[in-house]
Amino acid sequence: MRAMRVWVAGTAVAIGALAGCAGSNPATPTTAASTSEAARGAEFLQPGLRFSEGAEERYRRALAEVDARLPEIDGVLGYGWTICLDLRQDKTDTEVAANAATRFKVDDATAKEIVEATRTSLCRV
């Protein structure tokens, strides 16, 4: 009987402690974090980097001129946006091409062509 009371009391204390934690959730983003994420997403909308209407289709056609397999790569538009961001951040042509080579899994010469196709068809820097 005593063991049962101890167990019940211990369980009640544990439940009470857990209930006290219910108000704070460290996994929930704070307002500051949400604001900074929104600012990063809005970076594409700032002057100097614009995506015109029909950019995705134009980009896929430009990539097909480099290599017919490129437009079919999963995430190809995201790769293009990342190249635009690299260009926007004033990375060197060598850095941008190296990043493109890694993303698209191509050689350096093809990566340079991809960067140029991206520059002219997807983003205007």
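Biologist: How many helices and strands does the protein chain come to?
Modeller: Reading from the N terminus, the elements of the protein chain go α-α-α-α-α-α. This is a predicted model, and its secondary structure comes to six helices and zero strands.

Biologist: What share of the protein chain's contacts with a separation of 6 or more comes from residues 24 or more positions apart?
Modeller: The chain has 125 residues, and 23% of them count as buried. As for the contacts with a separation of 6 or more, the share from residues 24 or more positions apart is 64%.

Biologist: Are α4 and α5 roughly parallel or antiparallel?
Modeller: Helix α4 covers residues 76–88 and helix α5 covers 93–104, with their axes 10 Å apart. They pack at about 165 degrees. Angles over 145 count as roughly antiparallel, so the call for α4 against α5 is roughly antiparallel.

Biologist: Which residues of α5 does α4 meet?
Modeller: α4 passes α5 in a right-handed crossing. By class, their contact has seven nonpolar, two polar and two charged residues. On the α4 side you'll find V76, Y79, T82, I83, D86 and L87, and what they meet in α5 is V96, N99, A100, R103 and F104.

Biologist: And α3 with α6, are those roughly parallel or antiparallel?
Modeller: Helix α3, residues 55–66, has an axis that comes within 9 Å of the α6 axis. The two cross at roughly 155 degrees, and the cut-off for roughly antiparallel is over 145. α3 and α6 are therefore roughly antiparallel.

Biologist: What is the make-up by class of the contact of α3 with α6?
Modeller: α3 passes α6 in a right-handed crossing. A55, R58, Y59, A62, L63 and V66 from α3 meet T110, E113, I114, A117, T118 and S121 from α6. Sorted by class, that gives seven nonpolar, three polar and two charged residues.

Biologist: Which residues form the disulfide?
Modeller: The structure holds one disulfide. Its partners sit 39 residues apart and link distant parts of the chain, one in helix α4 and the other in the segment after α6 (108–121). Their sulfur atoms are 2.2 Å apart, and the pair is C84 and C123.

Biologist: Is that disulfide left-handed or right-handed?
Modeller: Look at the torsion about the S-S bond of C84 and C123, which is about -95 degrees. That value makes the disulfide left-handed.

Conventions:
Residues are numbered from 1 along each chain as its sequence is written. This is a predicted model: local features need pLDDT of at least 70, side-chain atom pairs count only at pLDDT 80 or more; totals for chains, interfaces and linings use all residues. Side-chain values use heavy atoms; hydrogens and water are left out. Axes are lines fitted to C-alpha atoms, for helices over the stretch in contact, and angles run from 0 to 180 degrees between N-to-C directions. Helices (H or I, at least four residues) and strands (E, at least two) are DSSP runs, numbered from the N terminus. Angles under 35 degrees count as roughly parallel, over 145 as roughly antiparallel, 65 to 115 as roughly perpendicular and the rest as oblique. A crossing is left-handed if the near helix is turned anticlockwise from the far one by less than a right angle, and right-handed if clockwise. Contact means heavy atoms within 4.5 Å. Ala, Val, Leu, Ile, Met, Phe, Trp, Tyr, Cys and Pro count as nonpolar, Asp, Glu, Lys and Arg as charged, and the others, Gly among them, as polar. A disulfide is a pair of cysteine sulfur atoms within 2.5 Å. Buried means under 20% relative accessible area, exposed over 50%, partly exposed in between (1.4 Å probe, protein chains only).
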